[in-house]
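The exercises below are meant to be worked through with the sequence and the 3D structure at hand. Try each task before reading its solution.

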Amino acid sequence: YKQGIENGVKGLRIISSDELRRLEPNITDDAICALFAPSGAIVCPYELCIAAIGNAMDNGTDLKLNFEVLDIKYESGCYEIISEYETIRSKYVINAAGIYSDSIAGFIGDKSFNIHPRRGEYILLDKECGEILTHTIFRTPTIMGKGILVTPTVDGNLLAGPTSVDMDDKENNETTSEGFSKIIEEASENLKNISFSKTITSFCGLRAVGETNDFIINSPEDGFINVAGIDSPGLSASPAIAEYIIEILNKQGLELNENKSFNPIRKPSHYFREAILEEKNRMIKENPVYGKIICRCETVSEGEIIEAIHKNPGASDIDGIKRRTRSGMGRCQGGFCLPHVVEILARELDVPYERITKSGKGSKVVCGRTKGKK
């Protein structure tokens, strides 16, 4: 609390249990008081990342996907970043490789830090549960993080989690019954009336944790910058981290000139769904595919899915469509719309239906045809 005051967090204060319950009537009777941060906000992390990358691409940035770095060498004043199929030369490298950032640093001989993954499991509930809460409710933090939180999402669902378990395996993002039990137990200690029977999906992510329990931002060699161990609250801190990296690059001789033609405007992903009726009718008249609803749970049209495939950065699999349009994120979790999404992807990308995957290599949805055209 004192640190928050010193850092100038606007409106930060301790509130009584009575005031807490006026703000959130479904808080349990065990709550004694709370630290209230009115400047706190909720954001959709994947939509933010997609929008940032897309805006960079719209302004001339190249995006390389499926580019596994096999080695980095320094030759003639440039770093050579080597993959199986391509080598890129660059005077500057920013290592923001998450749980593999220690491996990337190791290519240039930097063994100063190690990263281990920390498993975080979540439970997502149906939108009909979202109205029981209006703020994000955190528990008292520990050395393992802020604990199990309960929060509404920007799309109206209720989200509970994450767990916090240190791991060795950087590829293991499986959910567990133990994790679900912990989420249900601790979330229910903070909030009454959570209907976990209305869970629509669950998932797990791996956070990159460094040995210092703090962000690792340094430059072991000129032109090479580590941005590692960016655990919570990394998303909130990312604009400040970017400004700090710019300072480092400036000191190392990078000339930064303002792009006078830079366009900061990007059309929202859900503009059709959120448009007023007259605007929707106008768009459908201009392009009838906007009048064909593919995902009934989230009211996503074929037009939005086609746009997601061709708009920077273009979606090429089912999860890519899901994160851009919310098709498949509703109550049925793609039970009705998935075949149509696969069909649209195959048609727009001009690839066989069987080639479409859920999330890249090793996740094919269809093995082959049982009848019809070969």
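**Exercise 1: Salt bridges**

Arg89 and Glu80 form a salt bridge, in which the closest N and O atoms are 3.1 Å apart; here a salt bridge is a side-chain nitrogen of Lys or Arg within 4 Å of a carboxyl oxygen of Asp or Glu. The model is a predicted one, in which local features need pLDDT of at least 70 and side-chain atom pairs count only at pLDDT 80 or more, while totals for chains, interfaces and linings use all residues. Residues are numbered from 1 along each chain as its sequence is written, and side-chain values use heavy atoms, with hydrogens and water left out.

Task: find which residue forms a salt bridge with Asp102, and decide whether the two are buried or exposed.

Solution. Step one is to find the partner of Asp102, which is Lys170, with the closest N and O atoms 3.0 Å apart. Helices (H or I, at least four residues) and strands (E, at least two) are DSSP runs, numbered from the N terminus. Step three is to check accessibility, where buried means under 20% relative accessible area, exposed over 50%, and partly exposed in between, with a 1.4 Å probe and protein chains only. Asp102 and Lys170 are both buried, whereas Arg89, at 46% relative accessibility, counts as partly exposed.

Solution. To finish, a search of the whole structure finds 25 salt bridges, and a network of salt bridges links Asp126, Glu128, Lys198 and Arg331.

**Exercise 2: The largest cavity**

Task: state what volume the largest cavity has and which helix gives the most to its lining.

Solution. On a 1 Å grid over the protein atoms alone, a cavity is a set of points where a 1.4 Å probe fits but cannot get out, a pocket is an open set with protein on both sides within 12 Å along at least five of seven lines, and lining residues have an atom within 4 Å of a point. The volume of the largest cavity, about 130 Å³, is the space filled by probe spheres set on the points, which are joined across faces, edges and corners. The residues that line the largest cavity include Ile50, Arg266, Tyr271 and Asn312. Helix H9 (302-310) and helix H10 (318-325) are the elements that give two or more residues to this lining, and H9 gives the most, with three residues.

**Exercise 3: The second largest pocket**

Task: work out how many residues line the second largest pocket and where the largest share of the lining comes from.

Solution. The second largest pocket, with a volume of about 210 Å³, is lined by 13 residues, and among those nearest its centre are Glu47, Leu48 and Pro268. Helix H3 (residues 45-58) supplies the largest share of that lining, four residues. Leu48 lies in helix H3 and is partly exposed, with a relative accessible area of 38%.
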